[in-house]
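Visitor: I am new to reading protein structures. Could you show me how to read a few features, one at a time?

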Amino acid sequence: MTTTVPEDVLLQQFDAVIARNDRIEPRDWMPEGYRKTLVRQVAQHAHSEIIGMQPEGNWLTRAPSLRRKAILLAKVQDEAGHGLYLYSATETLGVSRGELTEMLIEGRQKYSSIFNYPTLSFADVGTIGWLVDGAAICNQVPLCRTSYGPYGRAMIRICKEESFHQRQGYELLMTMMRGTDEQRAMVQESVDRFWWPALMMFGPPDADSPNTAQSMAWGIKRNTNDDLRQRFVDMTVPQAEALGVTLPDPELRWNEERGAHDFGQPDWDEFMQVVQGNGPCNRQRIAHRRRAHEDGAWVRDAATAFAARGTS
Amino acid sequence: MTATVTDHDNAYADLLGSDDAHWAFGHLPEIQQGEDPLAGVDTTVPAGLDPAGLAAYCLFLGDDALVMSHRLSEWCSNAPDLEDDIALANIALDLLGQARLLLSRAAAADPSVVPALPEGSPVPAEDALAFFREARDFRNVRLVEVPHGDFGHLVARLLLFATARLAAFERLTAHADPVLSAIAAKGVKELAYHRDYAARWFVTLAQGTDESRRRLLAGLTEVWPLQAELVATYDVAAETGVVLDEVLAAAGVDRPAVGPMSGHGHTEALSRMLAEMQVVARAHPLGTW
């Protein structure tokens with residue numbers, strides 16, 4: 001133990017790596033707060049992928065064409081794959097997938113609040129791709145440069161696939177807009193429902209986001225919530241115009257002086273309600289995850305017992 | 001309209017600034033617009049083959065894949081572990097791909113099998129067959145349509161199905177219709193994986209814990225009566241028997257002592273399944289997706 005490097009020196013080295021925008025790797029020393037923050041953020045992200053399988057999976061058995069059914073199935077499968085990479089990234093921080101799943105189904109860790117909204121029409125599959133995956137990409141692309149190596153590398157692959165999903169969603173909506181009046185109305189109704197929840201995906205306004213400053217100092221987070229929300233609005237407005245839908249915000253307009261769009265604020269009280277577990281689908285999503293996990297316990301036990309027999 | 005999508009392809013391109021080293025979105029595959037799964041393929045039925053017979057055969061093969069894929073897709077987000085969620089989605093996707101090719105082949109060989117839709121409907125033949133036929137017109141075997149049970153039931157059903165279908169597809173690679181033989185050649189590789197996945201779980205569950213063995217045997221006993229119709233329809237009783245006996249021996253499981261289910265046609269489950277599967281498509285016969 002006499003050769004142990006003192007903690008203040010380790011911290012200096014850590015800070016220097018962060019300052020150089022280099023990566024922290026699993027075997028590097030890291031402050032406990034950094035590790036905890038990362039576990040929380042990466043686990044929350046992994047849980048979001050897994051819970052996110054449900055709202056879209058809801059339309060798998062009713063997709064109205066075989067091509068759309070294949071696209072949707074492949075997308076939901078990608079989400080399971082993303083969950084897998086991200087749980088693997090948390091395992092490099094010393095927390096197992098099993099532990100994190102327990103935390104999720106006991107409500108001790110969160111997932112993106114967007115998945116607590118219901119999918120009520122097939123158009124929601126397209127809207128989720130366009131707006132929800134679009135917002136997720138805005139949040140996630142900067143994370144490709146996040147300071148923790150395994151997380152950043154997982155994000156590169158995830159963002160690549162997410163951007164494909166975003167285009168597929170947009171393409172579905174575009175195709176529906178070329179269809180019948182009923183289909184166009186279905187798209188508009190879906191966009192009306194998802195616009196505000198999509199804006200909430202960037203988190204509360206910066207003034208009310210207690211963890212942002214530390215996460216940015218550690219290079220875990222790269223942009224503030226409001227900054228990312230603004231980028232999202234600015235890139236979505238022309239896409240909405242091309243699509244032929246309106247965004248349900250009377251305050252939305254171009255501000256020449258700022259070179260950006262002004263827009264209204266989501267209902268932050270509703271956001272807090274959803275975050276606290278009172279959204280339209282919170283209980284349903286967790287109950288589904290819990291049931292699948294518990295129903296699978298005997299299968300996982302069998303695999304463990306069989307493997308143990310093979311090695312004994 | 002493709003151009004409009006392309007205009008917005010790079011909406012996210014500036015988020016990483018000039019730091020190209022981390023940029024991952026380089027060359028995305030083009031999104032295919034809705035096109036015939038057999039686009040570019042010569043679908044002329046070879047002389048000497050009966051087009052109606054070929055279409056009926058492709059419909060039965062396609063319906064089996066479509067219905068089995070649908071049942072597997074119901075497992076999505078419900079599997080015992082993420083790896084199995086991914087594997088089951090893969091298998092469902094393979095079968096859906098087979099269904100699309102086979103239904104399209106049937107429609108091209110004999111257009112009279114495709115249900116008539118209102119004038120001006122843009123619904124392609126594969127979707128007209130999948131979404132606008134009544135249950136009685138589906139040609140699938142009963143094994144694929146019965147509702148799913150637990151994971152033991154899934155493994156038993158998938159083992160029986162993949163074993164019989166693989167044997168049939170191996171033979172079909174030599175079919176006189178070059179389209180069907182090409183579909184079979186592609187499917188052989190997929191079905192070999194499906195059979196392997198099911199067989200590995202079959203042995204694992206049989207020899208895992210008392211509970212897993214009990215559940216597997218219950219699942220096997222439930223689907224076994226439907227096996228006779230499956231192998232008779234595919235005409236692969238001999239080949240299937242050899243493979244199944246090997247798997248059962250490795251698992252230490254006897255053939256269930258239950259006889260084949262009598263009758264033919266469908267169970268009560270199919271029309272219910274189709275009611276769900278077809279609901280959106282039927283509400284919009286002039287819709288485009």
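Visitor: Is A:Thr180 buried or exposed?

Guide: The idea is to look at relative accessible area, where a residue under 20% counts as buried. In this predicted model, A:Thr180 has a relative accessible area of 16%, so A:Thr180 is buried. You can find A:Thr180 in the loop between helix 6 and helix 7 of chain A.

Visitor: Which residues is A:Thr180 in contact with, leaving aside its neighbours within four places in sequence?

Guide: Here you look for heavy atoms within 4.5 Å. With those neighbours set aside, A:Thr180 is in contact with B:Leu286 and B:Gly287.

Visitor: Now the whole interface, please. How many residues does each chain give to the contact?

Guide: Chain A gives 73 residues and chain B gives 69 residues. The area buried between the two chains is about 6400 Å², and carbon and sulfur atoms give 69% of that area. A:Leu66, A:Arg167 and A:Trp298 together supply 14% of what chain A buries against chain B, more than any other three residues.

Visitor: What about charged and polar pairs?

Guide: For a salt bridge, you look for a side-chain nitrogen of Lys or Arg within 4 Å of a carboxyl oxygen of Asp or Glu. Two salt bridges are found across the interface of chain A and chain B. One of them joins the side chains of B:Asp81 and A:Arg97, at 3.0 Å from N to O. By class, the side of chain A that touches chain B has 38 nonpolar, 17 polar and 18 charged residues.

Visitor: And which residues touch the most other members of the largest nonpolar core?

Guide: In soluble globular proteins, nonpolar side chains tend to be buried together. Here the largest nonpolar core has 184 residues, and A:Tyr34, A:Trp130, B:Phe151 and B:Phe202 touch the most other members. Helix 3 of chain B, residues 82-109, gives the largest share of this core, with 17 residues.

Notes
Residues numbered from 1 in each chain as written. Chains lettered and ligands numbered in written order. Predicted model: local features only at pLDDT ≥ 70, side-chain atom pairs only at ≥ 80, totals over all residues. Heavy atoms only, no water. Buried area = accessible area lost by both parts, 1.4 Å probe. Nonpolar A, V, L, I, M, F, W, Y, C, P; charged D, E, K, R; others polar. Core = buried A, V, L, I, M, F, W, Y, C linked by side-chain atoms within 4.5 Å. Buried < 20%, exposed > 50% of the residue type's maximum accessible area, 1.4 Å probe, protein only. Helix = DSSP H or I, 4+ residues; strand = E, 2+ residues; numbered from the N terminus.
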